[in-house]
Amino acid sequence: MDSITHTLFGITIYKAIDKEDMPKPLRRSLLFTAIAGSQIPDIDVVSQWWDQEGMYLMWHRGITHSIFLVPVWALLISLVCYAIWKVKDKRIFYTGLLAVFVHNTSDIFNAWGTGYLEPFSSVRLTFGTIPIIDFVVWAIILGGFLVSRLRKFSTHTVFKGVGLLIALHFFIQSAHGFTIYQQVKDEYDQIALSAEFVPWNFKIIGKKEQQVEISKATSWSEPRPEVVLDTADVSLDRLFEENARARTLYQWAPFVVVVMKDGKFGIYDPRFYRNGQSFLFEYIETH
């Protein structure tokens, strides 16, 4: 998910806590924990500063997004709260656990995916059933703020409901994606899903032999092919030798399109193909 959505998740977690008669230092600690926990796995973006080998694709959403690091981040945030506000309360740790868990788990639903099981597995876990920016999530959280202003329900009750509605949205959206996947999985050698911004609408990216087909699909209609991409069957050794980022992209993506045209030899991730190009494209000049 994007940084705004992660921040909104943190605010939702904080709002869902019953803070009646809670001392101010503890409230501040919980607010800091909910926001920091919702952002801290993305601290891996700093690795761009020293990346000289094109490894950022593997590092971003890698070990910092591992499910096994969730309690480590929660403990670290708890120690920071104690150092600043001198508060020791198990609710701080549990809030940190929830915030980091929500961040890491929500990211596996995007096409980008995460190293959810690192360091025990290097597999990039991705479902592709939720867009990175999900306006439905934003609308649910906005609705929570509007309902809470009516003061007919306590704020923490409203935002517990918001959390449940977001979880339900993820479940329904992913059920649609799974249905589509099951319908077309036998038609391709490899397949990936990428959720559109419109709910229940997806792109199917399927590879069969030396072609990659991108189609639009819903669970209640037949897939509609948009574009067919030819991928060259050539050795990539020279590309990898001259462009380290290309090797990383090849390892990171579920599959790639190989192109040799217009004086360029390269590969790109077709899941992010828009308007005739993919923003994840690594190449070398051949003339």
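## A buried pair: arginine 271 and aspartate 269

The side chains of arginine 271 and aspartate 269 come together in a salt bridge, with a distance of 2.7 Å from N to O. This distance, like every other value in this report, comes from a predicted model. Arginine 271 has a relative accessibility of 3%, so it counts as buried, given that the cut-off for buried is under 20%. Aspartate 269, with a relative accessible area of 0%, is buried as well.

Side chains of opposite charge can pair when their charged atoms come close.

Because glutamate 226 belongs to strand E4 (residues 221–230) while lysine 203 belongs to strand E2 (residues 202–208), the pair ties together parts that are 23 residues apart in sequence.

The two partners can also be described by their accessibility. Glutamate 226 is partly exposed, at 43% relative accessibility, whereas lysine 203 is buried, with a relative accessible area of 10%.

Another salt bridge joins glutamate 242 to arginine 238, where the closest N and O atoms are 3.0 Å apart. Both residues lie in helix H8 (residues 237–242), and they are four residues apart, which is about one turn of the helix. Arginine 238 has a relative accessible area of 42%, so it is classed as partly exposed, a class that lies between the cut-offs of 20% and 50%.

## The largest pocket

We now turn from charged pairs to a pocket. The largest pocket in the model has a volume of about 400 Å³. It is lined by 16 residues, and those closest to its centre are Leu98, Val102, Gly163, Ile166 and Ala167.

Three helices each supply at least two residues of the lining of this largest pocket, namely helix H1 (3–15), helix H5 (90–107) and helix H7 (155–184). Among the contributors, H7 gives the most to the lining, with six residues. When the lining of the largest pocket is sorted by class, there are eleven nonpolar residues, four polar residues and one charged residue.

Key:
Residues are numbered from 1 along each chain as its sequence is written. This is a predicted model: local features need pLDDT of at least 70, side-chain atom pairs count only at pLDDT 80 or more; totals for chains, interfaces and linings use all residues. Side-chain values use heavy atoms; hydrogens and water are left out. Buried means under 20% relative accessible area, exposed over 50%, partly exposed in between (1.4 Å probe, protein chains only). A salt bridge is a side-chain nitrogen of Lys or Arg within 4 Å of a carboxyl oxygen of Asp or Glu. On a 1 Å grid over the protein atoms alone, a cavity is a set of points where a 1.4 Å probe fits but cannot get out, and a pocket is an open set with protein on both sides within 12 Å along at least five of seven lines; lining residues have an atom within 4 Å of a point. Grid points are joined across faces, edges and corners, and a volume is the space filled by probe spheres set on the points. Ala, Val, Leu, Ile, Met, Phe, Trp, Tyr, Cys and Pro count as nonpolar, Asp, Glu, Lys and Arg as charged, and the others, Gly among them, as polar.
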